[in-house]
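Please open the structure in your viewer and keep the selection tool at hand.

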Amino acid sequence: MPPTGPAGPGSPPRSGRHEARPRQAAPESARPQSAAAGIAEPGPGPRRKPLDPARRAAFDALRAVSERNAYANLVLPALLRERGITGRDAAFATELTYGTCRARGLLDAVIGAAAGRAPDTIDPVLLDLLRLGSYQLLRTRVDAHAAVSTTVDQAGIEFDSARAGFVNGVLRTIAARDEQSWVVELAPHNDPVGHAAFVHAHPRWIAQAFADALGAAAGELDAVLASDDERPQVHLAARPGVLTAAALADSVGGTVGRYSPYAVYLPGGDPGGLAPVRDGQALVQDEGSQLVAQAVTLAPVDRDAGRWLDLCAGPGGKTALLAALGASAGATVTAVEPAPHRADLVVENTRGLPVEVLRVDGRHSDLEPGFDRVLVDVPCTGLGALRRRPEARWRRQPSDVPALAKLQRELLAAAISLTRPGGLVLYATCSPHLAETVGVVADALRRHPVEALDTRPLFEPAGDLGAGPYVQLWPHRHGTDAMFAAALRRQ
């Protein structure tokens with residue numbers, strides 16, 4: 001969000017450790033005029049210390065996200081493994097990386113106000129350093145002197161003493177006040193949605209999309225936004241017919257899930273290193289995704305011949321659960337995935353199951369129609385899984401929605417055309433945005449020979465799923481990603 005100017009005479013009273021000094025635009029070469037309490041000036045260049053391993057890993061991950069559009073949840077674990085960073089250092093690096101990515105909008109507003117200039121006019125490397133330092137100052141218990149001095153020293157190493165002085169001045173201004181004080185000054189005051197978005201570091205358009213999807217329950221907006229900042233539990237899915245959820249929980253030290261009969265919650269750690277996951281007895285899969293796959297199998301279908309289709313299969317988690325559930329009834333699953341890497345993951349995740357993988361576009365698959373059950377879990381903005389993808393809230397734009405909604409309508413139309421009369425289509429997406437959910441389904445109901453079923457019974461025992469006939473899961477209510485699902489019967 002763009003920074004606003006200093007608080008004027010009519011602004012709300014400020015809270016925090018100190019009253020802020022008046023701010024003016026400062027060049028990157030500016031040196032601070034005075035010190036914030038307890039924070040020393042940076043030392044001369046030769047004595048500068050490079051970032052410690054944890055902060056260095058976080059900084060490098062932030063640079064990869066900024067420069068290469070990398071995914072933090074992929075690049076950081078690789079950096080930690082390569083550099084042998086473990087234990088508390090790994091946890092610190094993870095907190096810094098994910099926290100800084102999530103809070104970027106709020107941090108940029110504070111940095112812009114403290115620097116007296118728009119963040120996009122600051123050198124990108126300096127800006128990532130400032131984000132790293134300001135996150136420590138505002139949202140961690142890291143000692144202010146350590147947060148500032150480590151960041152300033154690295155700025156001196158990356159650039160020169162003049163730019164180190166600029167970083168020092170900005171961070172010392174930020175350190176003079178706490179987060180709440182900055183929020184009181186910078187957050188919109190006559191815009192409840194915008195205020196909630198600023199406080200919880202979301203773009204306003206995403207907060208508005210959540211409020212629209214909540215409808216009459218829009219009072220839960222703060223809870224939804226706050227849930228995106230909580231580190232999500234890792235969920236596992238025990239493979240039906242191979243391992244029960246109770247046995248999986250015992251073997252990995254987890255707890256059985258609340259809703260899916262196959263779900264296990266992990267207390268922490270790397271799930272990829274668990275024997276049941278390595279051996280294909282379990283998959284890492286959000287409980288909401290498990291409920292979607294199970295719902296396909298629970299919907300009533302007369303004369304089910306066991307010809308099932310997953311039209312958007314990659315990376316194969318739902319395909320695997322679908323196939324495992326159908327195997328006992330003699331069903332086989334055709335899985336469609338055009339992206340080569342994702343198709344390879346489908347093959348890997350469904351090994352040993354009755355699945356045929358086709359590497360074609362689901363809109364033009366040339367498949368023979370007549371499927372009994374079809375899952376179409378469409379590509380989407382991913383707004384329902386922002387807690388798992390810390391940088392995604394800033395990477396997505398409102399302009400992404402129309403093209404995705406068009407693709408979603410086309411995929412749902414293809415799914416309907418491949419379903420036999422009396423068969424089931426389950427439309428799902430990991431986004432609560434109305435244009436990607438009820439808007440797509442309403443278009444299908446107008447244009448195609450389908451009727452909407454009450455989807456909520458297919459998700460029992462989960463409750464509080466919305467007014468129906470569709471299902472909307474929420475992380476603050478269910479502890480799952482914000483999955484949407486609509487069951488449609490082909491007429």
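Select Pro 461, which lies in the loop between strand 10 (450–452) and strand 11 (471–472). In this predicted model, the peptide bond that leads from Glu 460 to Pro 461 is cis, with omega near 15°. Remain in the loop between strand 10 and strand 11 and select Asp 464. Asp 464 is not a glycine, yet its phi is positive, near 55°. Asp 464 counts as exposed because its relative accessibility is 52%.

Next, select Ala 201, in the loop between helix 9 (192–199) and helix 10 (204–214). Ala 201 is another residue other than glycine with a positive phi, near 55°. Is Ala 201 buried or exposed? Ala 201 is buried, since its relative accessible area is 1%.

Another cis peptide bond runs from Gly 314 to Pro 315, with omega near 0°. To find Pro 315, go to the loop between strand 5 and helix 15.

Now select Ala 305, in the loop between helix 14 (287–298) and strand 5 (307–310). Ala 305 counts as exposed, at 65% relative accessibility.

Rolling a probe the size of a water molecule over the atoms shows where empty space is left. How many cavities of 30 Å³ or more does a search of the whole structure find? The search finds one, and about 60 Å³ of space lies in the largest cavity. To see part of its lining, select residues including Ala 237, Arg 239, Gln 281, Leu 283 and Ala 324. Strand 1 (234–238), strand 4 (282–284) and helix 15 (317–327) each supply at least two lining residues. Helix 15 gives the most, with three residues. By class, the lining has eight nonpolar, three polar and one charged residues.

Turn now to charged pairs. Side chains of opposite charge can pair when their charged atoms come close. The whole structure contains 34 salt bridges. Select Asp 377 and Lys 318, a salt bridge whose closest N and O atoms are 2.6 Å apart. This pair links distant parts of the chain, with Asp 377 in strand 8 and Lys 318 in helix 15, 59 residues apart. Both Asp 377 and Lys 318 are buried.

Then select Arg 388 and Asp 286, which form a salt bridge with closest N and O atoms 2.7 Å apart. Arg 388 lies in the loop between strand 8 (371–377) and helix 17 (392–395), and Asp 286 in the loop between strand 4 and helix 14, so the pair ties together parts that are 102 residues apart in sequence. Arg 388 is partly exposed, with a relative accessible area of 22%, whereas Asp 286 is buried, at 8%.

Finally, select Arg 48, in the segment before helix 1 (53–68). Why does Arg 48 count as buried? Arg 48 counts as buried because its relative accessibility is 10%, and the cut-off for buried is under 20%. Show the side chains here: a polar contact of 3.5 Å joins Arg 48 to Asp 153, and another, of 3.4 Å, joins Arg 48 to Ser 161.

Terms used. Residues are numbered from 1 along each chain as its sequence is written. This is a predicted model: local features need pLDDT of at least 70, side-chain atom pairs count only at pLDDT 80 or more; totals for chains, interfaces and linings use all residues. Side-chain values use heavy atoms; hydrogens and water are left out. Helices (H or I, at least four residues) and strands (E, at least two) are DSSP runs, numbered from the N terminus. Buried means under 20% relative accessible area, exposed over 50%, partly exposed in between (1.4 Å probe, protein chains only). A polar contact is a pair of N or O atoms within 3.5 Å; within protein, one must be able to donate a hydrogen and the other to accept it, and residues adjacent in sequence count only if both atoms are side-chain atoms. On a 1 Å grid over the protein atoms alone, a cavity is a set of points where a 1.4 Å probe fits but cannot get out, and a pocket is an open set with protein on both sides within 12 Å along at least five of seven lines; lining residues have an atom within 4 Å of a point. Grid points are joined across faces, edges and corners, and a volume is the space filled by probe spheres set on the points. Ala, Val, Leu, Ile, Met, Phe, Trp, Tyr, Cys and Pro count as nonpolar, Asp, Glu, Lys and Arg as charged, and the others, Gly among them, as polar. A salt bridge is a side-chain nitrogen of Lys or Arg within 4 Å of a carboxyl oxygen of Asp or Glu.
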